[in-house]
Amino acid sequence: MELEAEFEGCVAQGFEIAALDRSSGGRIELGLAEADGPALAEAITLCKKLWADPSVEHRGACFELDEIALEPRPTQKPWPRIHLAATADHALDRAARMADGWLAFGHTPGSIAAKLAFLRDRRERAETLDGRFQISARAEPRDLAELEAWRTAGVDRLGHPGRGLDRRPIGGVD
């Protein structure tokens with residue numbers, strides 16, 4: 001589901017995502033692509049507040065919201081996982097500060113190491129090392145050795161091109 005960086009869309013989708021999370025038993029995860037930085041960052045901040053706080057009033061650069069309460073709230077606490085797809089350093093920085101995971105595209109187990117080091121550094125600086133952050137990559141491993149290489153590189157989940165991401169940890173190698 002794409003999070004719209006528009007006021008009405010942001011609030012409406014916050015409600016929709018909460019409802020989907022509740023009806024799925026807490027299994028909703030959001031995958032967001034790079035978009036307008038300030039608007040996306042503010043939309044994520046606003047949705048997190050709507051999902052976690054009893055009531056929210058918001059005055060930001062992109063959105064203004066009079067006091068509102070979102071009920072029912074999502075099953076997942078503090079909110080459904082948010083994964084950001086990012087390639088540029090400024091977008092990776094946003095993912096490190098604001099998201100619960102990074103969606104990596106176009107990497108190999110060897111090429112992803114520098115991006116993971118960058119993310120770790122940014123997460124340490126932002127003090128967001130909470131154990132909730134996950135690394136997901138799109139790949140088609142040819143064998144168990146390549147699958148193990150992805151796990152060793154620090155990737156938590158692999159998505160097969162065309163088949164989506166599996167929320168289970170990388171397995172079959174133990």
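Tutor: Happy to! Let's begin with some words we will need: a residue is buried when its relative accessible area is under 20%, exposed when it is over 50%, and partly exposed in between. Please also keep in mind that this is a predicted model.

Now find aspartate 89. Its relative accessible area is 43%, so aspartate 89 counts as partly exposed.

When two helices pack, we describe them by the angle between their axes and the distance between the axes. For H3 and H4 the angle is about 50°, and the axes are 9 Å apart. H3 and H4 are therefore oblique to each other. Their crossing is right-handed.

Which residues meet where H3 and H4 pack? On the H3 side you will find Asp89, Leu92, Asp93 and Ala96, and on the H4 side Lys115, Phe118, Leu119, Arg122 and Arg123. Sorted by type, the residues of this contact are four nonpolar, no polar and five charged.

Asp93, Arg97, Asp121, Arg122 and Arg125 are linked in a network of salt bridges. Over the whole structure, a search finds 12 salt bridges.

Let's visit two other salt bridges for practice. Arginine 151 and glutamate 148 form one, with the closest N and O atoms 3.4 Å apart. Both residues are in helix H5 (residues 144-153), three residues apart, which means that about one helical turn separates them. Each of them is partly exposed: arginine 151 has a relative accessible area of 26%, and glutamate 148 has 29%. The other example joins the side chains of aspartate 66 and arginine 59, at 2.7 Å from N to O. Here aspartate 66 counts as exposed, at 55%, while arginine 59 counts as partly exposed, at 47%.

What about a charged residue that is buried? Look at arginine 157, in strand E7 (residues 157-160). Its relative accessibility is 4%, so arginine 157 counts as buried. Arginine 157 and arginine 138 are 19 residues apart in sequence, and their C-alpha atoms are 8.6 Å apart in space. You will find cysteine 10 in helix H1 (residues 7-23). Between cysteine 10 and leucine 40 there are 9.6 Å in space, C-alpha to C-alpha, and the two are 30 residues apart in sequence.

One loop deserves a stop as well: the one between strand E3 (64-68) and strand E4 (81-85), where proline 72 is found. The peptide bond that joins glutamate 71 and proline 72 is cis, with omega about -10°. Proline 78 is in the loop between E3 and E4 as well, and the bond from lysine 77 to proline 78 is also cis, with omega near 5°.

Finally, step back. The chain has five helices and eight strands, and from the N terminus on they run α-β-α-β-β-β-α-β-α-β-α-β-β. Of the 174 residues in the chain, 45% are buried. If you take contacts between residues at least 6 apart in sequence, 53% of them join residues at least 24 apart.

Conventions: Residues are numbered from 1 along each chain as its sequence is written. This is a predicted model: local features need pLDDT of at least 70, side-chain atom pairs count only at pLDDT 80 or more; totals for chains, interfaces and linings use all residues. Side-chain values use heavy atoms; hydrogens and water are left out. A salt bridge is a side-chain nitrogen of Lys or Arg within 4 Å of a carboxyl oxygen of Asp or Glu. Buried means under 20% relative accessible area, exposed over 50%, partly exposed in between (1.4 Å probe, protein chains only). Helices (H or I, at least four residues) and strands (E, at least two) are DSSP runs, numbered from the N terminus. Axes are lines fitted to C-alpha atoms, for helices over the stretch in contact, and angles run from 0 to 180 degrees between N-to-C directions. Angles under 35 degrees count as roughly parallel, over 145 as roughly antiparallel, 65 to 115 as roughly perpendicular and the rest as oblique. A crossing is left-handed if the near helix is turned anticlockwise from the far one by less than a right angle, and right-handed if clockwise. Contact means heavy atoms within 4.5 Å. Ala, Val, Leu, Ile, Met, Phe, Trp, Tyr, Cys and Pro count as nonpolar, Asp, Glu, Lys and Arg as charged, and the others, Gly among them, as polar.
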